[in-house]
Protein chains: 2
Amino acid sequence: MKEEFYNYIQNLQLLITRELEKVDGKSRFSNIKWKREGGGGGVTKIIENGNIFEKGGVNISNVFGELPKTMKDYLNTKYSLFSACGLSLVIHPKSPLIPTIHSNLRYFELYNKSNVVVDQWFGGGVDLTPYYIDNFDINHFHKVCKISCDEHDKNYYNIFKKNCDNYFWNKHREEARGVGGIFFDYLKPNDKSVDELYNFVTTVGNNFLNSYLPIVNKNKNVNYSDKQKKWQEVRRGRYVEFNLLHDKGTQFGIKTNGRIESIFMSLPPTVRWEYNFQPTKNSSESELVGVLKKPKEWI
Amino acid sequence: MKEEFYNYIQNLQLLITRELEKVDGKSRFSNIKWKREGGGGGVTKIIENGNIFEKGGVNISNVFGELPKTMKDYLNTKYSLFSACGLSLVIHPKSPLIPTIHSNLRYFELYNKSNVVVDQWFGGGVDLTPYYIDNFDINHFHKVCKISCDEHDKNYYNIFKKNCDNYFWNKHREEARGVGGIFFDYLKPNDKSVDELYNFVTTVGNNFLNSYLPIVNKNKNVNYSDKQKKWQEVRRGRYVEFNLLHDKGTQFGIKTNGRIESIFMSLPPTVRWEYNFQPTKNSSESELVGVLKKPKEWI
């Protein structure tokens, strides 16, 4: 399963970066291979200063070896040998009319001393962070999420949508990071086989471009004002706050001495903190804040 | 002591903001009074979009009541009644040739159920975050720190300078936030009386303008390039990383539901994260990084 999944995300990384390059028409993804002390490595692919994409990363990694102590405590396990592979992406478009998107797909295995798999699970999800509310776009995004789920389990979408709203909650601001999507973890073979879980997770991966590209293409040629760009930069501040204060992946990467530049590829290119910035009442900016304060059903 | 110290920092806030306004010549500090649920409040004074100061805050607060649980655990105390007052300032100049400065002066009291003081201490310090190394300026800053210390205890400067280097360490980057200064905490009346400690802490406060204004005035009319401004914004990213990932004050403010906009006044106005940004070898930008990687003696 490990080889099959890593093979899958290698191909997915190539597919997604190729399609995003086509849409961008200017910048190309860099290709940085890195090795991990202790076992494994990854491929970091970064795009910067594009026509459409101001900054983005589509990274894969395949690491294994002794479980770092912080991670062993976190997983609350007696086993010390692990293997983890995953794809992680964050895309920050230049235009404030195109949402930021984040996705993660990962597979984890734990082994006993005889190298036999004793535990295995999938995790991941996909979520959208717009700067303006476009019901049509958000609805489209959630519909694709639901389609990915429904194909495998009619209960998935409701559960994973709620998970997502709970996880991407900027507690210190009492608001969501974005308009959610789906988020799942510890998907273990139980009533479903590991192959069925693999099929679900790869469906989410296969539908990534379907969920995002129509939104990008619809908005990429629409003009925006300096005021809208500034609003995007203020909101990107909230993205930074979530990732540095609350995101488990980031905290974890730092605590386990992960590759800082790969972890921080998620941080937006230009960001703004103004003192007590408040959008005008009844503006489209305040409409966004209203939606984020109270996550809603999109379908 | 509590009234005396709060009275002192009220006057210091007025003095510092008045003098910074004079230097800036354009923007004025706003004046926001706020109350804390549970007891006390403060005065937040913010300057934005000045000639010299792009963003800055000089805040005071005087809070008291029941110790929040997180804080009680942190202080590891059995007492539940507290009072804390302090001044906290961060100044982000527009020019990358003028360093960012941060200072904090605070006084804490714990009481038993009969409202008798059972513990009391001072904390605080002042530290400098330049974007370029100007040995003359940094030397001047550390000299003023040393003068403040030496007047009260010949050992203070060495100890508090080391404290400062240790505290403002961006562990995940293996580099200091800036070039340090002095940092102290839990200064309790022991071999020194509470009045002697008050005299030390207020000397640090009184010398703030002496330590900073000559640096501002020397550099405020020097031209800088877009490249230097961009470098400042990249480095400001490290300031954000420290404050959100490592700073105890920020973590604490958030955990105890402090006033978010007052806590985050410390965040720089415009910030930049580029993937794996590395300064050119032997440039003045790489000189800064070299100094931050290995904190040095300035006197």
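In chain B, strand β3 (residues 53-66) pairs with strand β4 (residues 81-93) in the antiparallel sense, over 13 bridges. Strands are DSSP runs of E with at least two residues, helices are runs of H or I with at least four residues, and both are numbered from the N terminus. Two strands pair if DSSP finds at least two bridges between them. Within this pair, Gly65(B) faces Phe82(B) of β4(B).

Before I continue, a note on the source. This is a predicted model, in which local features need pLDDT of at least 70 and side-chain atom pairs count only at pLDDT 80 or more, while totals for chains, interfaces and linings use all residues. Residues are numbered from 1 along each chain as its sequence is written, and chains are lettered from A and ligands numbered from 1 in the order in which they are written.

Let us turn to the sheet as a whole. In chain B, seven strands form an open sheet with antiparallel pairing, in the order β1-β2-β3-β4-β5-β6-β9. At its edges stand β1 (32-35) and β9 (180-187) of chain B, each with a single partner strand, so one side of each has no neighbour in the sheet. On average, neighbouring strands of this sheet are turned by 5° against each other, direction ignored.

Helix α3 (residues 135-150) of chain B lies across β6 (117-129) and β9 of chain B, at about 25° to β9(B). Axes here are lines fitted to C-alpha atoms, for helices over the stretch in contact, and angles run from 0 to 180 degrees between N-to-C directions.

Helix α1 (residues 2-24) and helix α6 (residues 208-219) of chain B pack at an angle of about 10°, their axes 12 Å apart. α1(B) is therefore roughly parallel to α6(B), a term that applies to angles under 35 degrees. From α1(B), the contact uses Ile16(B), Glu19(B) and Val23(B); from α6(B), Phe208(B), Leu209(B), Leu213(B), Val216(B) and Asn217(B). Two residues are in contact if their C-beta atoms, placed from the backbone, lie within 7 Å.

Strand β4 (residues 81-93) and strand β5 (residues 100-111) of chain A run antiparallel, joined by 11 bridges, and a hairpin of six residues links β4(A) to β5(A). Phe108(A) in β5(A) stands opposite Ala84(A). In β6(A), the bridge partner of Phe108(A) is Trp121(A). β5(A) and β6(A) also form a hairpin, with five residues between them, and Asn115(A) in that turn has a positive phi of about 65°.

How are the two chains related? A rotation of 180° with 0.0 Å of shift along its axis superposes chain A on chain B, with an RMSD of 0.0 Å; the superposition is by least squares on the C-alpha atoms of residues with pLDDT of at least 70 in both copies. The two copies are thus related as by a two-fold rotation axis. In chain A, the C-alpha nearest the axis belongs to Val271(A), 2.5 Å from it.

Finally, the interface. In total, 24 residues of chain A are in contact with 24 residues of chain B. α7(A) gives the most to the side of chain A that touches chain B, with four residues. Three bridges join β10(A) to strand β10 (residues 270-272) of chain B, and these strands run antiparallel. There, Thr270(A) stands opposite Arg272(B).

Methods
Angles under 35 degrees count as roughly parallel, over 145 as roughly antiparallel, 65 to 115 as roughly perpendicular and the rest as oblique.
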